[in-house]
Amino acid sequence: MEIYVYGTGCGAGELTREALSPARIAAFVETEPTRETFLGRPVISASALSERQIDLLIVTAKNAPDLPLPAEKVLYLKNHLELHDRNGSYDAARKALGDAFVDRLQRQEVLVRAPLWDDGAFAAPGDWVRLKTLQTISRELIDVPGAMAELGVFRGEFAAAMNALLPERRLYLFDTFAGFDPEEDAPEGLAAAHENTSSEAVLRRLPHAEQAIVRAGLFPETAAGLEGETFALVSLDADLEESTLAGLRWFVPRMAEGGYLLLHDWNHPGLPGVRAAAERYEAETGQRLRGVPVCDVTGSLIIPF
Ligand SMILES: C[S@@+](CC[C@H](N)C(=O)[O-])C[C@H]1O[C@@H](n2cnc3c(N)ncnc32)[C@H](O)[C@@H]1O
C-alpha cells in the first residue's frame, strides 16, 4: 500500500509515533518543501503528487490545499489525532493504521475547535477550551502586576493569543526556535516536528509584536539578566521533563500574587515528563503546586498564585 503523509509538523510526528512507522510511508508532502527528508523519508512537493500512484494520503497539516484525489484516498488526521474520513467508512484508515488505533480515536471525546477572535489578529481555529481558559484568566489579571512569558513558543500560536488578549503586557518568548535540548532525548517524531520555526515568523504573527522580547536559545541560560522580573502570566509548554523542571524552578518564585502559571500537557499520554517535573519540583521545594486541571486537548494545569 503506497501511503503518503501531507505535512511535516506535530501531526505527522504524532502519527508516526502512535500508529504508522515511517518505514511504511512512501514520502511526506509539503506545499513547497522546506527540507529533503523527514524522519528518514523523502519530502516531495504537492505538485508532484499527480505523478504518483497513491493508495492513501493522510493529511496532517492544518492548511493543506484542496488535493486532486478521490475522497476515498484521503484521510484527515488533524492535530492531536482527530480523524476525519469524508466518506465516513474509515475503511482505508483501518487498513493503513489498524483497528485498535482507529477505534481509540473514534472513542475520543469530541474536541471543540473554533476561532475565538475574528478581528484578523487571531482568527485561526485552535484548541477552544485552552484559548477560552486563557481568555477567562486574562480578565482576572487587570490589577496584577508583572510581565508575561512563554517557555516553549514553537510557531507562536499560543503566544499570539496571549499577546492579543493582553496587549499592554511585555511578553518574553523563550525557545531555541530550533527544537528541543539535544540532551533531553526527545522522541524522534516530536523532535523533528519542532525544528521548522523561527523567531521572525513568530513575531510576524503577533498582533502587538512591539511587546515581545525574544530570548532565543536554551532555557534557563536565556533567562540570565531577568532575575528581578515579576510575572503575572506564564505559559510553560516545554514538553520534556528537565526543561519543564527548569521552568518551574525559575518562574514559580517570580510569580506575582494573583498571577497564573499554565502548565501545558498535564494529561498528555505521550509526555509523562511534565507531571514528573512537577512531582520533582514539589519534592525538592516542599511546595505543593495546587492547580486546577483543565480538559483542553492535552490537558493544562492552571496554577494560581
Ligand atoms: C509544544 S512546543 C510549544 C507550543 C506552543 N506553546 C504553542 O502552544 O503554540 C514546545 C517548544 O518548547 C521548546 N523547548 C523545550 N525545551 C526548551 C528549552 N530548554 N529551551 C528553549 N526551548 C525549549 C521547543 O523548542 C519547542 O518549540
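## Domain arrangement

The chain of this predicted model is divided into domain 1, covering residues 3-107, and domain 2, covering residues 128-304. The C-alpha centres of domain 1 and domain 2 are 30 Å apart, and the contact between them draws twelve residues from domain 1 and ten residues from domain 2.

On the side of domain 1 that touches domain 2, helix H1 (residues 10-18) gives the most, contributing six residues. By class, the residues on that side of domain 1 comprise four nonpolar, six polar and two charged.

## Helices H4 and H5

Helix H4 spans residues 128-139, and its axis comes within 10 Å of the axis of H5, with a crossing angle of roughly 30 degrees. Because angles under 35 degrees count as roughly parallel, H4 is roughly parallel to H5.

The contact between these two helices is made by Leu131, Leu134, Gln135 and Ser138 on the H4 side, and by Ala161, Met162 and Leu165 on the H5 side. Five of the residues in the contact of H4 with H5 are nonpolar and two are polar, while no charged residue takes part.

## The shell around the ligand

There are 20 residues around the ligand, of which Gly152, Glu157, Phe158, Asp237 and Ser243 come nearest. The elements that give two or more residues to this shell are helix H5 (157-165) and strand E9 (171-175).

Sorted by class, the shell around the ligand holds nine nonpolar, five polar and six charged residues.

## Helices H8 and H9

Helix H8 (residues 241-251) and helix H9 (residues 273-285) have axes that come within 8 Å and cross at roughly 40 degrees, and H8 and H9 are therefore oblique to each other. In this crossing, H8 passes H9 in a right-handed sense.

From H8, the contact is made by Glu241, Thr244, Leu245, Leu248 and Arg249, and from H9 by Gly273, Val274, Ala276, Ala277, Ala278, Arg280 and Tyr281. The contact of H8 with H9 has seven nonpolar, two polar and three charged residues.

Most residues other than glycine have a negative phi, and most peptide bonds are trans. Two places in the model are described here against that background.

Phenylalanine 219 and proline 220 are joined by a cis peptide bond, with omega at about 10 degrees. Proline 220 belongs to the loop that runs between strand E10 (212-216) and strand E11 (231-236).

Tyrosine 90, a residue other than glycine, has a positive phi, near 60 degrees. Its place is in the loop between strand E7 (82-84) and helix H2 (91-97).

Definitions and conventions
Residues numbered from 1 in each chain as written. Predicted model: local features only at pLDDT ≥ 70, side-chain atom pairs only at ≥ 80, totals over all residues. Domains from an automatic or database assignment. Contact = placed C-beta atoms within 7 Å. Helix = DSSP H or I, 4+ residues; strand = E, 2+ residues; numbered from the N terminus. Nonpolar A, V, L, I, M, F, W, Y, C, P; charged D, E, K, R; others polar. Near = placed C-beta within 6 Å. Axes fitted to C-alpha atoms, helices over the stretch in contact; angles between N-to-C directions. Parallel < 35°, antiparallel > 145°, perpendicular 65-115°, else oblique. Left-handed = near helix turned anticlockwise from the far one by under 90°.
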